[in-house]
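Dear colleague,

Please find below the structure I am handing over to you, with its sequence. My notes on what was found in it follow directly after.

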Number of protein chains: 2
Amino acid sequence: MTYCIGLNLDEGLVLASDSRTNAGVDHIRRAGKMRVFAQEGERVVVTLSSGNLSLTQNVLNLLEHRARHEPERIGILNAQSMFQVAQVVGDAMREIRGRDEAYLRDGGIDPSGSFIVGGQIAGEAPRLFLVYSEGNFIESAAETPFFQTGEIKFGKPILDRVINKHTDLVTATKCALVSFDSTIRSNLSVGPPIDLLVYKRDSFKVEIQQRFEDGDAYLQSIRNHWNDSMRRAVAELPSPEWA
Amino acid sequence: MTYCIGLNLDEGLVLASDSRTNAGVDHIRRAGKMRVFAQEGERVVVTLSSGNLSLTQNVLNLLEHRARHEPERIGILNAQSMFQVAQVVGDAMREIRGRDEAYLRDGGIDPSGSFIVGGQIAGEAPRLFLVYSEGNFIESAAETPFFQTGEIKFGKPILDRVINKHTDLVTATKCALVSFDSTIRSNLSVGPPIDLLVYKRDSFKVEIQQRFEDGDAYLQSIRNHWNDSMRRAVAELPSPEWA
């Protein structure tokens, strides 16, 4: 399984992904799920992959291959809008699925995958898309300015309660890390390291990108503080009348 | 869908269930999922149902029918231990499935269901079981003194973080209600009213049983306090180094 979050806020974007892939519990390995495509001053595009690893890797490999060998073709690095980026990713998804799907289904393998695609291209505000397995896609809305993919349920309540379009990037980052910690704690198939990228609106460069390994001191302090806060918060709730 | 929680703690049991059943989003109705079997001074047994409503209702109907018409037969009201109660429930599950399953599968209907069964019979400590669709069952352990059924993921992190065997009944009740609120907020198919029963160890009677309707003032105050606490708790987390 996987866990990825993308938030599109007034101040910019927060994107995070775990690094555990598995084909059964006896076949777990690490593979980063965040890929960054940047041209300083002009665009930053980030993809977060979830689902079948060969599908999502090869979608990106195909796009990288073409960017190098077919520079005239529209790709992530020369698309004119994030809408067009999402289209390109969706088209590549369909192309790779078209190549592999029948073979995967023959082997009883789930051929699906999806991408969170966030970024900003000069001339636009930052935008965030969710590209589905079928190659179609949706864009985040002001009312729910985030997408999650993979093992989404454990970490959703904290996002539902705290995040809105106006949440600042620091608060949103803390909230995203808590959401990851809740998920990792409750589900074995989601695991560190956690990749985090915080993109400041109109910066057109990647200034904040961090990888949190398992024993990371900051991540551990977030976890400890959060556990204490939760216990205190429950204790401080109003008591039932019979108590 | 459904959400049920049972906690088996040093001080006693906390049991809670929602009341929404659905056969598709256009066919939602209310049906309590908590059933209490009590003989004051001697036993209190509580069942929480999830899954196919005809299966779980008829398991209980069968047990009630037999308790009345075949009093010599071992049932919930005369079993000598909670282990035997779980056996009786599991056997009834198999009996009803045997009667209905082929017909349900013919109609493409999921014939599965499960019960959380908690209670205390004189001579034993309180015990908590999870009876599976197949009629087999497990008992809660000191390390993880709770069971959830149905839509379990949204409300699991708060239980994982707060509940242990020594948690007092008031704290456990608040925590269970927060777990319900998180689930209801994130999933349309789980809905109020919430049935709550708190059983004090060695009391052998039902003293605390409440139904929280949607607009319930206490439930609302829990929800508001919790939202405030979460936002404050995120704000108070240590900031990343780049902040």
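In β12(A), F212(A) is the residue that stands opposite I194(A). The two strands concerned, β11 (residues 194-200) of chain A and β12(A), pair in the antiparallel sense over five bridges. Please note that this is a predicted model.

These strands belong to an open sheet of five, with antiparallel pairing and the order β10-β1-β2-β11-β12 (chain A). At its edges are β10 (146-150) and β12 of chain A, each of which pairs on one side only. From one strand to the next, the twist averages 10°. Across β1 (3-9), β2 (12-17), β11 and β12 of chain A lies α4(A), which runs at about 160° to β1(A).

Turning to the interface, chain A and chain B each bring 45 residues to the contact. The area buried between chain A and chain B is about 4,100 Å², and carbon and sulfur atoms give 65% of that area. The rule finds four salt bridges across this interface. In a salt bridge, the side chain of R161(A) meets that of D181(B) (3.2 Å, N to O).

On the side of chain A that touches chain B, at least two residues come from each of α3 (156-162), α4 (169-186), β12 (208-212) and α5 (217-236) of chain A. The most is given by α5(A), with 15 residues. By class, that side of chain A has 22 nonpolar, ten polar and 13 charged residues.

Yours sincerely

Conventions: Residues numbered from 1 in each chain as written. Chains lettered and ligands numbered in written order. Predicted model: local features only at pLDDT ≥ 70, side-chain atom pairs only at ≥ 80, totals over all residues. Heavy atoms only, no water. Contact = heavy atoms within 4.5 Å. Buried area = accessible area lost by both parts, 1.4 Å probe. Helix = DSSP H or I, 4+ residues; strand = E, 2+ residues; numbered from the N terminus. Nonpolar A, V, L, I, M, F, W, Y, C, P; charged D, E, K, R; others polar. Pairing = 2+ DSSP bridges. Axes fitted to C-alpha atoms, helices over the stretch in contact; angles between N-to-C directions.
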